[in-house]
Amino acid sequence: MGGYSSRVAELQDQMTRAAEGAPDTVKRALAEGLKRAGRAAEDALSALLDASERASAGNLGTWRKWQDRCATARAEISRAFGDAAKDHLLTPPLQLFWYQALEHEMAFFDSLAKVQTPQLHDDLLVHQDVLNKMLGELWDKWTFLLSKDVAFENDQRQVVQQVAQMAQKIVDDLAPGAVKRLSEGVARATSKSLDKARQLDDKHLGGKGIDLAKFITSLFDIDIPDGIDRDLLDAVQGGSDVYQTQTGHYRALVATYQSLVQAEKGSVLLLFNSTRAEVLTYYDKNDLGKARVLLDQAKGYLSDWASRVATSAQRGEASGFKDKVCAALDTDWKLTEELDGKFRDRFKGIFIQSLGSETIEQLAESYLFSKHLEEVTRRGAASTLKALPGRLQSEVDRAVDQGLRPLDDLVARVPEEVRALARMENQGFKEHVRARLKDRIQTLLPLIIELAEFLEPSNLSRDFSRDELTRGLR
């Protein structure tokens, strides 16, 4: 590390002045002893610097190494001083110099052994290592959380997509199908009444052998035959079953979606929040500012030691040693700064500081799901269902008018004396058919309206909300 030459030169100069008049053999012995002590001090400082430069999270215990090496240096220096003075009679000035020089060397390494710098250096390395490991572990955990979250959200998205498919089916098939089934049912019902009407052939219309008034009254008997009534029921009941099934399907989808949200909240969000709490607690106590304190204290203790050693030459040697150790500290500090910056860049708004909007969106996907719900709304199922009752009633009117038109023709052909009766019975029959159909349609309306309400944008947003997930993040 550049030797201990300044201190050795200082000691040699002091010895020369103190040894004036002493035998040359004494001078040579003491000079050799100072060189040995200087080499021991130099080797010790080199070893201490090497221990600092080699310090790492896997190679801790630097302070113990310093203490052991300082003790070895003190023993070697003491031996060098003792061996040099052995068998020689020292003059009083040499005795004073010799014991004072030894005391200063002992104090130099004794005080250096007590400096906390190496322990603080280890503490800084531990901080760095924990941060480095946490960086990798948290990234793995974040990746795992996102993958698990995506699995939940894919399942939730599939539920919403099923709602969209149901909405499209309502528009494409169910609503038109309800109208078609009703039209076909009316046609079947009216055809049975027409079959009875066709029994009235030209002979009957000619009034031969039949009471026309009685026949017409029977023809338009207001009690619709069971077959006709059953066809009217079938015409609507099919639609009723369909809409009951769709309503039940929607409710089942909502229940499935909400159970998936609870599962996501109880696993992904719970793990995320607990991890975030742990990181915030750690980072609050071990942020870069705390590490900076370790660095400043490590340098401060060493600087204080270097300024307090006994002689100017020792202070020079101590200052050079201090600068080299501080350079090793600065190297590790730079890496700590880089790791901390990388940590903050990667996890800012995720595991440290306030939650970022990007993190909230990644875990809750509120915006993406709002777009999925807009797609459901865009298909227009709610408006289609709301318009359906009016379409059904219009279709009833059209189908009844068309289906019973042959009865109008029949009325026009009956003899004049019973035509008014036939017209009245015909009108009554039509009204009764319409009333029966209207009664059946009324059973459909609550189901249609309920399903239409489900598919309203505000209710879709309520049933497939992401608010609980957003609130669950903290």
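**Ground rules.** I worked on a predicted model, in which local features need pLDDT of at least 70 and side-chain atom pairs count only at pLDDT 80 or more, while totals for chains, interfaces and linings use all residues. Residues are numbered from 1 along each chain as its sequence is written, and side-chain values use heavy atoms, with hydrogens and water left out.

**Positive phi.** I began with the backbone, since most residues other than glycine have a negative phi. I found Asp87 with a phi near 70°, in the loop between α3 (62-85) and α4 (92-114); helices here are DSSP runs of H or I with at least four residues, numbered from the N terminus. Asp87 counts as exposed at 75% relative accessibility, where exposed means over 50% relative accessible area, buried under 20% and partly exposed in between, with a 1.4 Å probe and protein chains only. I also noted Glu365, whose phi is near 50°, in the loop between α11 (357-364) and α12 (366-378); Glu365 is buried, with a relative accessible area of 14%.

**Helices α2 and α10.** I then looked up α2 (residues 24-54) and α10 (residues 312-347), whose axes come within 9 Å and cross at roughly 15°; the axes are lines fitted to C-alpha atoms over the stretch in contact, and angles run from 0 to 180 degrees between N-to-C directions. The two helices are therefore roughly parallel, a term for angles under 35 degrees. The contact (heavy atoms within 4.5 Å) involves Leu45, Leu48, Leu49, Ser52 and Glu53 of α2 and Phe321, Lys324, Val325 and Ala328 of α10.

**Aromatic pairs.** My search of the whole structure gave 18 aromatic pairs, counted when ring centres of Phe, Tyr and Trp (its six-membered ring) lie within 6.5 Å, with planes under 30 degrees apart called stacked, over 60 edge-to-face and the rest tilted. Trp142 and Phe351 are edge-to-face, because their centres are 5.9 Å apart and their planes stand at 80°. This pair joins helix α5 (residues 117-197), which holds Trp142, to the loop between α10 and α11, which holds Phe351, 209 residues apart. Trp142 is buried at 3% relative accessibility, and Phe351 is buried at 0%.

I recorded Tyr250 and Phe454 as stacked, with centres 4.6 Å apart and planes at 10°; Tyr250 lies in helix α8 (residues 226-285) and Phe454 in helix α15 (residues 416-454), 204 residues apart. Tyr250 is buried at 1% relative accessibility. Finally, I listed one aromatic cluster, with Trp142 and Phe351 among its members, including also Trp139 and Phe272.

How values were computed. Parallel < 35°, antiparallel > 145°, perpendicular 65-115°, else oblique.
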